[in-house]
Amino acid sequence: MAKRVHQPREDAEFDFILGMSRIPVLAYFTGTWPKAIEPCRAMDLVVGDIADQYTGRLTAVRTDMTRCPSATKRYGITRAPSYVLLKEGEAVAHGTGPMTITEVREFLDVHL
């Protein structure tokens, strides 16, 4: 995982990161159950690359659904991996499932 991807340990830390970010946030939700592990690990690499490529334009946050249940519920996340693009704390786009780096760029570029 790229150093530029934040990994909050709890909901309070997730909310702190959102509150401190002056740029849009890509909240990437992961799961630890067997069917989610492999797709989430694959997306770790993609999100890490995105965080590096969008430095200064985007804050990336890898959010474990188990550790951040309030954030998971707040944004209606039911599957992993899932993505929410937030601007000033408000969700402007949602995505679910494994994506290629090109698909993530397209997802972001429409809204950034």
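Before I describe the sheet, let me say that two strands count as paired here if DSSP finds at least two bridges between them, and that helices (H or I, at least four residues) and strands (E, at least two) are DSSP runs numbered from the N terminus. Please keep in mind that this is a predicted model, in which local features need pLDDT of at least 70 and side-chain atom pairs count only at pLDDT 80 or more, while totals for chains, interfaces and linings use all residues. Residues are numbered from 1 along each chain as its sequence is written, and side-chain values use heavy atoms, with hydrogens and water left out.

I will start with the sheet. It is an open one, made of 5 strands in the order β1-β3-β2-β4-β5, and its pairing is mixed. At the edges are β1 (5-6) and β5 (90-96), each of which pairs on one side only. Helix α2, residues 34-53, packs on this sheet and touches β1, β2, β3 (59-64) and β4, where contact means heavy atoms within 4.5 Å. The direction of α2 makes about 165 degrees with that of β2; axes are lines fitted to C-alpha atoms, for helices over the stretch in contact, and angles run from 0 to 180 degrees between N-to-C directions.

On one side, β2 (residues 25-30) runs antiparallel to β4 (residues 82-87), and 5 bridges join the two, with V25 standing opposite L86 in β4. With β3, by contrast, β2 pairs in the parallel sense over 6 bridges, and there L26 stands opposite A60. How many of the residues of β2 are buried? The count is 6 of 6, taking buried as under 20% relative accessible area, exposed as over 50% and partly exposed as in between, with a 1.4 Å probe and protein chains only. V25, A27 and F29 point one way from the strand, whereas L26, Y28 and T30 point the other way.

F29 also belongs to a cluster in which ring pairs link F14, F29 and Y75, and the structure holds 4 aromatic pairs. Rings of Phe, Tyr and Trp (its six-membered ring) pair if their centres lie within 6.5 Å, with planes under 30 degrees apart counted as stacked, over 60 as edge-to-face and the rest as tilted.

Turning to helix α4, residues 101-109, the buried residues are V104, F107 and L108. Seen down the axis of α4, these fall within an arc of 95 degrees, so they line one face of the helix; the arc is that of the directions from the helix axis to the C-beta atoms. Among the elements that cover them are β2, α2, β4 and β5.

Finally, some backbone details. Most residues other than glycine have a negative phi, and most peptide bonds are trans. A cis peptide bond, with omega about 0 degrees, joins A80 and P81, and P81 lies in the loop between α3 (69-74) and β4. E88, in the loop between β4 and β5, has a positive phi near 55 degrees, and E88 is exposed, with a relative accessible area of 83%.
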